[in-house]
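Biologist: I would like to learn how to read a structure like this one. Could you take me through some features, giving the general idea and then the case at hand?

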Amino acid sequence: MWFANKDDYSRIGSGDTIETIGLEDAFKNSSSPILLRVTKRDGEIFDIATKHTMSEDQLKWLRAGSALNYIRSQL
């Protein structure tokens, strides 16, 4: 995944907790956004927009668990 805004990288610090939001939807629809929900040590919570560069084929492989699993399922 890539940060939609490269400056967001510096907002994440050591000890922060990161949760992905929308990952499952992105597997189903390659144009769905994926957010990172960041919880700072002091309790502050914010979301960071990301984008992925996986092709439709790569998403199929990921859904199947691997490229080999996907190929096997097509035989």
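Biologist: Which residues form a nonpolar patch on the surface?

Modeller: A word on the source before that: this is a predicted model, where local features need pLDDT of at least 70, side-chain atom pairs count only at pLDDT 80 or more, and totals for chains, interfaces and linings use all residues. Residues are numbered from 1 along each chain as its sequence is written, and side-chain values use heavy atoms, with hydrogens and water left out. Now the general idea: patches are made of residues with over 30% relative accessible area and no salt bridge, where like charges are joined within 9 Å and nonpolar side chains (Val, Leu, Ile, Met, Phe, Trp, Tyr) within 5 Å. Accessible areas come from the Shrake-Rupley method with a 1.4 Å probe, and for residues only the protein chains shown count as cover. Here the nonpolar patch consists of Leu68, Ile71 and Leu75, which together have about 390 Å² of accessible area.

Biologist: Is leucine 75 buried or exposed?

Modeller: Buried means under 20% relative accessible area, exposed over 50%, and partly exposed in between (1.4 Å probe, protein chains only). Leucine 75 counts as exposed because its relative accessible area is 85%.

Biologist: Where are isoleucine 71 and leucine 75 found?

Modeller: Helices (H or I, at least four residues) and strands (E, at least two) are DSSP runs, numbered from the N terminus. Isoleucine 71 belongs to helix 3, residues 67–73, while leucine 75 is in the segment after helix 3.

Biologist: Let's turn to rings. How many aromatic pairs does a search of the whole structure find?

Modeller: The search finds 1 aromatic pair. That pair is phenylalanine 3 with tyrosine 9, and its geometry is edge-to-face, at 5.9 Å centre to centre with 80 degrees between the planes. A pair of aromatic rings is described by the distance of the centres and the angle of the planes. Rings of Phe, Tyr and Trp (its six-membered ring) pair if their centres lie within 6.5 Å; planes under 30 degrees apart count as stacked, over 60 as edge-to-face and the rest as tilted. Phenylalanine 3 is partly exposed at 26% relative accessibility, and tyrosine 9 is exposed at 60%.

Biologist: And charges: what does the charged end of arginine 11 sit over?

Modeller: A charge sits over a ring if NZ of Lys or CZ of Arg is within 6 Å of the ring centre and within 35 degrees of the ring normal. For arginine 11, the ring is that of phenylalanine 46, with the charged end 3.9 Å from its centre. Arginine 11 also makes a salt bridge with aspartate 8 (3.3 Å, N to O). Such a bridge is a side-chain nitrogen of Lys or Arg within 4 Å of a carboxyl oxygen of Asp or Glu. Arginine 11 is partly exposed at 34%, whereas aspartate 8 is buried at 12%.

Biologist: How many salt bridges does the whole structure have?

Modeller: The search finds 4. Among them is the one between lysine 40 and aspartate 16, at 2.9 Å from N to O. Lysine 40 lies in the loop between strand 3 (34–39) and strand 4, and aspartate 16 in the loop between strand 1 (2–3) and strand 2 (17–21), so this pair ties together parts that are 24 residues apart in sequence. Another joins aspartate 47 and arginine 37 at 2.8 Å, N to O. Because aspartate 47 lies in strand 4 and arginine 37 in strand 3, that pair ties together parts 10 residues apart in sequence.

Biologist: Which backbone nitrogen lies 2.6 Å from a polar atom of the side chain of aspartate 16?

Modeller: A polar contact is a pair of N or O atoms within 3.5 Å; within protein, one must be able to donate a hydrogen and the other to accept it, and residues adjacent in sequence count only if both atoms are side-chain atoms. For aspartate 16, the backbone nitrogen is that of glycine 13. Aspartate 16 is buried, at 16%.

Biologist: What does the side chain of histidine 52 reach?

Modeller: Histidine 52 reaches the backbone nitrogen of methionine 54, at 3.1 Å. Histidine 52 lies in the loop between strand 4 (45–51) and helix 2 (56–64), and at 16% relative accessibility histidine 52 counts as buried.
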